[in-house]
Amino acid sequence: MALKEIQSTCAYCGAGCQILFRVDEAANKIVEAVPANGRTNAGTLCLKGHYGWDYLNDPQILTKRLRKPMIRKGGKKSPLVEVSWEEAIQYVADRLNEIKAKYGPDAIMGTGSARGPGNEANYLMQKFMRACIGTNNVDHCARI
Amino acid sequence: MNYFVKGNPDLCIGCRTCMIGCVVAHEGKHIFEVDPDSYTFNPRLHMVKTAKISVPVQCKHCENPACMAACPAGAIQMKDHAVIIDTSKCMGCKSCMDACPFGAIDMVTEAGKFQADGKERVVANKCDLCSGIPGGPACVRVCPTAALTLVKEDELADAMEKKRMEAARNLFRDNQE
Amino acid sequence: MGIPEIEDAGCLLCFGYNGADSHPIVARRIVRGKQKGMKIICVDPRVTETARISDMHLQLKGGSNLALVNAMANVIWNEGLADIKFIEEHTNGFDEFLKVIEKYTPEYAETISHVPAEEIRKAARLYATTKPAMILYGMGVCQFTQAVDVVKGLANLALMTGNFGGPSMGIGPVRGQNNVQGACDMGALPNCYPGYQSVTDPEIRAKFEKAWGVPLSDKVGCAITHVPHRVLEEKDETKRIHAYYIFGEDPAQSDPDLAEIRETLDKCDFVVMQDIYMNKTGLHADVILPSTAWGEHDGVYTCADRGFQRIRKVIEPDPGLKTDWQIIQEISTAMGYPMHYENTEEIWNEMIDLCPSFKGATYEKMEKYGSVQWPCRDKSMEDKGTPYLHKGGKFATKDNRGVFYATDWHPPMELENDEYPMSLSTVREVGHYSVRTMTGNCRTLRNLEDEPGWVQMNTQDCERMGLVKGELVKILSKRGYCITRCLPTDRVKPGATYMTYQWWIGACNELTNAKLDPISNTPEYKYCACRVEKIKDQEWAENHVKELYDEIRTQMGITAGKGDH
Amino acid sequence: MIVAIDQNLCTGCRECAEVCPAYAIVGEQGKPQTIDTSRCVMCGQCVQKCKSYVSILTHGKDAYEKVKKERNIPDCVQEPLFAAHAVCNIDKVNAALADPEKLTMVQCAPAVRVAIAEEFGADLGTLAPGKLAAALRKIGFDRVYDTNFPADVTIMEEGTELIKRVTQGGVLPMFTSCCPAWVKFMENTYPEIKDHLSSCKSPQQMGGAIFKTYGAELEGTDGSKVFSVSVMPCTCKEFECERPEMKDSGYRDVDVVMTTRDLAWLIKSKNIDWDALAEEEFDQPLGLYTGAGTIFGVTGGVMEAAIRTGYELITGQPIPDVEVTAVRGTEGFRVSHLKVGDLTLKVGVVTGLKNVVPVIEAMKAGQLDLHFIEVMTCPEGCVSGGGQPKLLMDTDRAEAYAARRKATFDHDKELPYRKSHENPAIKKIYDEFLKEPNGPIAHHLLHTKYCIK
Amino acid sequence: MKKNLGSFVVGDSTKCTGCKACEVACFAVHSRQNNPVGKTVGTVTVPVTPKLYLTRFEQGCMPIQCKHCEDAPCLNVCTKGAISRIDNQVIVDPEKCIGCKDCMQACPFGAIALLPYAKDGKLAAQAMGETKVFASKCDLCAGVEGGPACVRVCPHQALRLVDPEAEAEEKKIKAAEALLMTKNWR
């Protein structure tokens, strides 16, 4: 079984360690993570770097991996109902437009994410808040 | 001589990567794919933290092992420069645990193996120097601060020889003065 | 300065930063530095791994940071250890600064910090006389209401000793989350566009309006920690927050005073959560949008020392998922502001062209060099970025001079009292990340530490209360309570307790105070008053914890019975 | 031999040697031990200590019955038997009880009533004089008398002797002589101090002498018909009664001694249901006793009883507090100075025989300034005697002794008379028979000499 | 921490004199559980049946008793289900024991003996009037106040109650401290 090697940056702290993943492409699974010779980590990893990737295999330990958009159709406290992407996107867009129309753009708050999504998604989020919604109400959990 | 893995408290940062490394090495990589409850998490070394120290403690692979002497089942043997427990022979009597002066043996459940009353088997667990695992002791390999060293005969002998020479030189200097 | 430079410092002042638990691979540099002969001064109320190997450990009382920092400055000045040439050539505001620190004699600071005056003197001398000297600080500085003041105080120390502008010197914040630096870089801040460009600067705003093709608000936005107030207490309907789009965060677990957060989410008209796992916030969200996870998408992270590094798709995501940027793009388009990016590099290229400091950090360079530390202003392959800032004593101010700021110390907002006689500080669990939706779903990390976590307490306190290791205890503040296990340790001082914040049952943020630093808006996670209670019926408590765990996991969509604890 | 170690059972642990005050147990560690009879004082502490029981596993299924037979223990007994043991004289008692010619008179030492109920499952230190009297009567003794009565006589005699020695310049300090193991030890080890001992016989022997004289008179018979039995907490009392000089009544003063444990066996062998026994009184007049006689069972008790009477004999005034707590306690050697009129009476109390050695040595060196010293061999006096119920676990020992002590003092408190000289039966016997303390009759019957070879 | 392992008592032959106080105490506290036995010898009406056994060997003597094995061979071998683990301790139910002796053979320590079973102050009888016997072994004084009686009564502290987890924890700290002293071994 030929394993594909892909290098990435660890998602678990600001040290920015480089990890080399060995991937079984056919099974679409990570086989192991080994330290790569990154600028900051110089061929070492901590426990999260070594072993913090198997959540991708969805082991059903703590929480369910989200796979379908969901809406509380009956309002607050009602159960979440799985919907199509089209419906979810349209629903969010409509509700946000409605609130923006009613209370103004500053009635909407958005967050960036200091975690997994990455810089591009953060850039787009703040652009969305600023350009599409029209507010500077965007922040993230930098302080935790 | 038996080999042993030695922790250096000056280098250890207490992160316990070694403990997981140990389990992964012994259980095999398949643990990342199986049901999370179908394997047991039994590190063979344990982090000790006090105000003065952080360092993992594990079997020293004594030359005259007290655990081996205490075992009534003949489950502990010396093999490949290590003191190794054959868990299939172990009945969990804790004699070895009581005998070990380092607290290096603990008793752990064996996933999927049961006793007559339906409870999971509990057997002695300790460092085996990753006997049979390619690459040698996993704890040494994964430690991010290189706080663990596998000590072999040559290294120990060299270190002792170096110290003897140093002592001799010092005495020689004293004698000359 | 960069992370690799740490080990070459002559002296490290490690202030409220516990690298071993928060960034083991940064801690590795500290350990290596020690082996190379680096002097370490550790300022921390706990015996951390750094404290353990340090040359001097100032085990200060929690909440006294600024008094100690000011006292160190006081000693450096009064003992003639300041770099007067550097101060004169490269800084402003020194005389005003001296007036403030005058009263912070080591003896005065001793009364506040409980660190002996002589120790403070020795530490100040060691820091001021060993070159190069570096300062690292962490959440032990930032998560106090006086956070920014202390950061400035630490900068003062570096300024007055000329420890800026070269390798292995300066001051370095070591951030908590992996991509805090990136989120800030990208302008996920209420006052800045990407690249730290102020939203109130008309010139800059004009640049972005032009690039994005719409007029932009000139008003600084709402800070995340103000959201509860703006939802619950804002009387003016037009100023109230009515919609909350939460992306890759779990405020219902990570924020202080969780009861208040839950109320906020329930009272807010429309809450959207975009995440990879069901979490506490999801229980209150109106819409949940599933996205790809780290390992399933491409992009760039910025590490703590300003290094842009690529993240890559390692495995193919579930075909039903979209990347975060795709989701945002589609909502934006649906709302009438179309976005049409094909990949992250397109987004990245738009971004760097708007940010002078990032302009040269192309994907190509990241591929080639692995890591590019901003500022990187030129796209030519020769500009490899900037390992350390303020080269030659040049600061990012109008006149290129560093500025001294000094503030007086004030005590934490909530102090110990008769009802809540102990203090609580939140800390990190090395094997878990953030609210642990990722690491908690990693088999071996979960095996190492699981619910309900631990409260670290001094052994004497434990003996007095008859508590033994592993015993379940109830811990309360005036805002709430939780159940956790007792961990007696001689690493913490009597009267102080420490908990990690990722647990559901041992959820210390049920207890923490939501008071904020007035500048950074950071909550005072590191200090509130609490009380520890013994639970007589341990069997009940064990079952209770198990039931709670099963219950929450059921809420999170996991069938009960999995994952023993 | 009164106290012996079974060679087949002894494991050689030498725990008994630890408690033997006379260093009489000899042998190699791990090998069966023997008792050096020339040193042994027969206190029975080794019997109390020994845990080397007849075991089914070690000695076989039949060993138990064999050992029981060897020791003359009643068949019904099923309790564990140990290597160190004392002689059992139940057969002799049974023979006398069966003899129609014999008038059996029994006396019980003070410490028996606070311990015997333990053998029937009662709490440690349960006070049971009423059941004790009832049980003895049920066994068939013709007269159920009490050693507490001769204890009161002892106080009259010994108190008078002390006053004489103090006021007329006799040998001082004077030692008590009621503990036979102490007397034996003195004779073995320190014969040179024999004149320091009170010439009084022990209460048991005074009782025996009185039963066969005055007691016989009261019955209109003579001493030859009387069979005198005593029940003692002590293994050495058998030795004392067998001393050849103890026959001043013209007969052997006491014919046979049973220990508390022997009596429990006897009661069981007669199928007497202890729990069902109704309380009864001791017979009059030789069973009427005071609190003073009762507290002979605990260390310091003889001293306290003597002071209660001596104070009043010397001063003619009632003693201010009948409870002389200054002499109470459980320490091995305790000294008190007491104001008795113009006299400061200096007294000492020794408990645990090993503790007497430094006292004697100090006295011989002229460093001891005392008038009167009580000596008891057993750890806390007769309540802890070698013939008392044996504890299964030594960890209960402190509790047992404390409970028995407390019961003794409680009994003292509840009795109508608490001073020996106020006992009406004492007044009566001196009026009718003994005439005066230390007088010629008393001297003949109730006093003795030591170191007679 | 919740205990996961069974505790046990071990003897120390360097201290033991062989006095059997442990055996008698063991019998005393256990016989009280279903026999009317008091604190004195005279209250006993049944044979002494201890659950630990003073053993002489070439170099001395010491009591031998059950280690409460975690994968207990005696428990595993018992076909009648008379041996079970209760609160981490391996315990024989004499009512269920039929005296098959399998457990005795399985135990590598000789910690089990076949002894008469007494109840209500009498030896329990079975068919044909034979005395019922059972596999007698240490139960760590389950239900006895104050913990193992043998440990309490030993006059020379030659018996030690081992909490293996707590002791291992202490020993680990000592071992770690030793590493601090040998860190510059090179």
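Tutor: Begin with the contact: two residues are in contact if their C-beta atoms, placed from the backbone, lie within 7 Å. No contact joins chain A and chain D, whose closest C-alpha atoms lie 53 Å apart. Chain A and chain E do not touch either, with 21 Å between their nearest C-alpha atoms. This is a predicted model, in which local features need pLDDT of at least 70 and side-chain atom pairs count only at pLDDT 80 or more, while totals for chains, interfaces and linings use all residues. Residues are numbered from 1 along each chain as its sequence is written, and chains are lettered from A and ligands numbered from 1 in the order in which they are written.

Student: Which chains have the most contacts among the six pairs that touch?

Tutor: Chains A and C.

Student: How many residues do chain A and chain B give to their contact?

Tutor: Chain A gives 13 residues and chain B 12 residues. On the chain A side, strand 3 (29-35) and helix 1 (47-51) are the elements that give two or more residues. Helices (H or I, at least four residues) and strands (E, at least two) are DSSP runs, numbered from the N terminus.

Student: How many helices and strands does chain C have?

Tutor: Chain C has 21 helices and 21 strands.

Student: What share of chain C is buried?

Tutor: A residue is buried if 20 or more other C-beta atoms, placed from the backbone, lie within 10 Å of its own. Of the 565 residues of chain C, 61% are buried. The C-alpha trace of chain C spans about 65 × 65 × 50 Å along its principal axes.

Technical notes:
Buried ≥ 20, exposed ≤ 12 C-beta atoms within 10 Å, placed from the backbone.
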